[in-house]
Amino acid sequence: MSEAKKVLEQAIDYWNAGNRDRWATLYSDDVTYEAPGGSRISGLADLKEKYFDALLTAAPDRSSSDVILVSEGEYVVEQARYTGTHTG
């Protein structure tokens, strides 16, 4: 199993557990996240606030399930079902 795939599996586990601090340790300070639709988040502080915290606030019971990970070298593709109750 590739290192990249192992890291993504950890990220999913921490995400599902709501463990922001552990999840954040898997990203560099200069991370850039590109979301569907083309929006971008740059920097770890913004990623924690504008992605993790925002989604946890909007859907506290959110989780990833039916996860399929495909890896090739340093690249990993994730297909998953995201569920949760949107509370605002």
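Which residues make a nonpolar surface patch of about 270 Å²? The views below begin with this patch.

The model is a predicted one, in which local features need pLDDT of at least 70 and side-chain atom pairs count only at pLDDT 80 or more, while totals for chains, interfaces and linings use all residues. Residues are numbered from 1 along each chain as its sequence is written, and side-chain values use heavy atoms, with hydrogens and water left out.

**View 1. Ile68, Val70 and Val77 make a nonpolar surface patch.** The patch has an area of about 270 Å². Patches consist of residues with over 30% relative accessible area and no salt bridge; like charges are joined within 9 Å, and nonpolar side chains (Val, Leu, Ile, Met, Phe, Trp, Tyr) within 5 Å. Accessible areas come from the Shrake-Rupley method with a 1.4 Å probe, and for residues only the protein chains shown count as cover. Val70 is found in strand β3 (residues 63-72). Helices (H or I, at least four residues) and strands (E, at least two) are DSSP runs, numbered from the N terminus. Val70 counts as exposed because its relative accessibility is 51%; exposed means over 50% relative accessible area, buried under 20%, and partly exposed in between (1.4 Å probe, protein chains only).

**View 2. Asp66 and Arg81 meet in a salt bridge.** Their side chains lie 2.8 Å apart, N to O. The pair links distant parts of the chain, with Asp66 in strand β3 and Arg81 in strand β4, 15 residues apart. A salt bridge is a side-chain nitrogen of Lys or Arg within 4 Å of a carboxyl oxygen of Asp or Glu. Asp66 is exposed at 52% relative accessible area, whereas Arg81 is partly exposed at 49%.

**View 3. Asp46 forms a salt bridge with Lys50.** The structure holds 4 salt bridges, and in this one the closest N and O atoms are 3.5 Å apart. Because Asp46 and Lys50 are 4 residues apart in helix α3 (residues 44-58), about one helical turn separates them. An α-helix has 3.6 residues a turn, so residues three or four places apart point the same way. Asp46 is partly exposed, with a relative accessible area of 28%, and Lys50 is partly exposed, with 48%.

**View 4. Helix α1 comprises residues 3-17.** Its 15 residues reach 21 Å from the first C-alpha to the last, close to the 21 Å expected at 1.5 Å a residue. The expected span is 1.5 Å times one less than the number of residues. Among the buried residues of α1 are Leu8, Ile12 and Trp15. The cover over the buried residues of α1 includes α2 (20-24), α3, β3 and β4, where contact means heavy atoms within 4.5 Å. After α1 comes Gly18, whose phi is positive, near 70°.

**View 5. Ring pairs link Trp15, Trp23, Tyr27, Tyr33, Tyr51 and Phe52 into a cluster.** The structure holds 7 aromatic pairs. In one of them, the rings of Trp15 and Trp23 have their centres 6.2 Å apart and their planes at 50°, so the pair is tilted. Trp23 and Tyr51 form a stacked pair, 6.1 Å centre to centre with 20° between the planes. Trp23 lies in helix α2 and Tyr51 in helix α3, so this pair ties together parts that are 28 residues apart in sequence. Rings of Phe, Tyr and Trp (its six-membered ring) pair if their centres lie within 6.5 Å; planes under 30 degrees apart count as stacked, over 60 as edge-to-face and the rest as tilted. Trp23 is buried at 3% relative accessible area, and Tyr51 counts as buried at 18%.
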